[in-house]
Amino acid sequence: MSAPNKSYDPVEVEALKPAEIERMRDEAVAAFAAAGDLEALAHAKTAHAGGTSPLSLANREIGALPPQAKAEAGKRVGQARGAVNKALAARQVELEAERDTRVLVEEAVDVTLPYDRVPAGARHPLTTLMERIADIFTAMGYAVADGPEVEAEWYNFDALNFVPDHPARQMQDTFFVQGPDGTSGDESGVVLRTHTSPVQARAMLDREPPVYVICPGRVYRTDELDATHTPVFHQVELLAVDEGLTMADLKGTLDHMVQELFGGEGMKTRLRPNFFPFTEPSAEMDMVCYVCRGESVGNPDRPCRTCGSEGWIELGGCGMVNPKVLVACGVDPEKYSGFAFGFGIERMLMFRHNVEDMRDMVEGDVRFTRPFGMEI
Ligand code: PHE
């Protein structure tokens with residue numbers, strides 16, 4: 001920049017003439033007013049308030065003025081720039097408000113409109129519960145085994161030590177697909193399996209011991225459908241065959257399962273003597289009530305609806321695999337022993353999730369399944 005020129009008159013400098021400054025200011029203000037949207041305003045800002053705008057350029061001229069002229073020119077340009085910035089800010093606010101109002105209208109969503117998307121289905125809680133139980137055991141090294149639902153009578157009964165006239169055959173009401181005295185002349189009929197225990201026989205025949213399998217699956221009995229019965233239901237069967245297995249292993253396995261399923265401290269099981277042809281000794285297994293954890297027993301102030309203040313909930317059957325079954329399935333009972341248990345999944349779903357009517361589980365209404373979430 002050149003040295004101040006004493007004879008330099010700002011009013012004579014074209015760009016600093018009051019009229020010229022006013023014109024620049026008015027042009028800027030008019031350009032802002034004319035900007036129809038924020039983008040146009042940004043352009044007008046660059047042109048009229050940016051570093052190369054006429055007023056900024058004029059401002060630079062001030063430095064070259066003689067000292068006595070600087071103040072007046074500075075004031076004039078400063079006022080003009082102040083007015084320009086104020087007009088810019090005001091228009092900015094106006095245009096932003098306009099944009100916000102427009103966005104609210106243009107992007108409004110009418111949440112009351114009916115929607116046409118097909119709602120996603122939900123996995124059935126029986127499936128997810130069976131998978132969850134299988135997961136507990138696969139984590140312990142068990143394999144998941146399965147077998148046919150239309151089963152040879154031999155696997156469903158004979159291999160499991162139900163002799164032909166054994167009263168235990170009447171324990172379960174069986175759907176026969178083909179009678180035992182069928183035209184084939186075959187001794188064994190074909191049934192819809194009444195329990196998952198035939199998978200025990202299949203697993204032992206298919207595998208060399210040690211055998212550790214868990215088998216979730218569908219089973220059939222001639223029950224009428226009502227709130228607590230269904231002719232088609234699900235069981236989970238567990239079988240372990242190894243050297244030196246005892247009832248203590250069975251008990252520990254059951255305790256571990258209920259702790260994993262119902263969570264934490266105080267969950268345990270108890271065994272009550274019972275009879276199954278395929279286990280000896282056999283037991284009925286109960287688990288501590290997962291709601292009151294046994295505290296309602298003898299405590300009228302704290303009744304428990306879940307277990308009827310009994311403290312225990314019946315789970316299913318279990319026992320040590322009958323040596324006769326081991327023999328029928330090609331396993332040496334002198335060397336190996338085994339334990340097994342089986343229980344109903346519908347019942348467990350009922351008390352685990354307070355489902356009061358079993359029919360809800362078979363009707364397939366997604367309104368029932370959805371609240372269980374997308375558990376996988
Ligand atoms: N299969 C038996 C039932 O359906 C349950 C059970 C399984 C019992 C394994 C003992 C061992 O009732």
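The largest pocket is lined by 34 residues, and R221, F233, Q235, G344 and R347 lie nearest its centre. Here a pocket, found on a 1 Å grid over the protein atoms alone, is an open set of points where a 1.4 Å probe fits, with protein on both sides within 12 Å along at least five of seven lines, and a lining residue has an atom within 4 Å of a point. The elements that give two or more residues to this lining are β6 (232-242), β8 (279-288), β9 (312-321), β10 (337-344) and α10 (345-353). These names follow DSSP runs, numbered from the N terminus: helices are H or I runs of at least four residues, and strands are E runs of at least two.

The model is predicted, so local features need pLDDT of at least 70 and side-chain atom pairs count only at pLDDT 80 or more, while totals for chains, interfaces and linings use all residues. Residues are numbered from 1 along each chain as its sequence is written, and side-chain values use heavy atoms, with hydrogens and water left out.

The largest share of the lining of the largest pocket, 6 residues, comes from β9. The second largest pocket is lined by 14 residues, of which R305, T306, M350, F351 and V355 are the closest to its centre. Two or more residues of that lining come from each of β9 and α10, and α10 gives the most, with 3 residues.

| Pocket | Volume | Lining by class |
|---|---|---|
| Largest pocket | about 770 Å³ | 11 nonpolar, 15 polar and 8 charged residues |
| Second largest pocket | about 420 Å³ | 7 nonpolar, 3 polar and 4 charged residues |

**The sheet and its helices**

An open sheet of 7 strands has mixed pairing and the order β1-β5-β6-β10-β9-β8-β7. Two strands pair if DSSP finds at least two bridges between them. The edge strands, β1 (143-144) and β7 (269-276), each pair on one side only. Strands β9 and β10 run antiparallel and are joined by 5 bridges; G316 stands opposite F343 in β10.

Helix α5 (residues 125-138) lies across β1, β5 (211-220), β6 and β10, at about 5° to β6. Helix α8 (residues 247-262) lies across β6, β7, β8, β9 and β10, at about 35° to β10.

**A pair of helices**

Two packed helices are described by the angle and the distance between their axes. The axes of α1 (residues 18-34) and α4 (residues 67-106) come within 9 Å and cross at roughly 5°. Axes are lines fitted to C-alpha atoms, for helices over the stretch in contact, and angles run from 0 to 180 degrees between N-to-C directions. Helices α1 and α4 are therefore roughly parallel to each other, a term for angles under 35 degrees. In α1, the residues P18, I21, R25, A28, V29, F32 and A33 meet R76, V77, A80, A83, V84, A87, L88 and R91 of α4, where contact means heavy atoms within 4.5 Å. By class, this contact has 12 nonpolar, no polar and 3 charged residues.

**Backbone details**

The peptide bond from P209 to P210 is cis, with omega near 0°, and P210 is found in the loop between α7 (198-206) and β5. The bond from E280 to P281 is also cis, with omega near -5°; P281 is found in strand β8.

Conventions
Grid points are joined across faces, edges and corners, and a volume is the space filled by probe spheres set on the points. Ala, Val, Leu, Ile, Met, Phe, Trp, Tyr, Cys and Pro count as nonpolar, Asp, Glu, Lys and Arg as charged, and the others, Gly among them, as polar. Angles under 35 degrees count as roughly parallel, over 145 as roughly antiparallel, 65 to 115 as roughly perpendicular and the rest as oblique.
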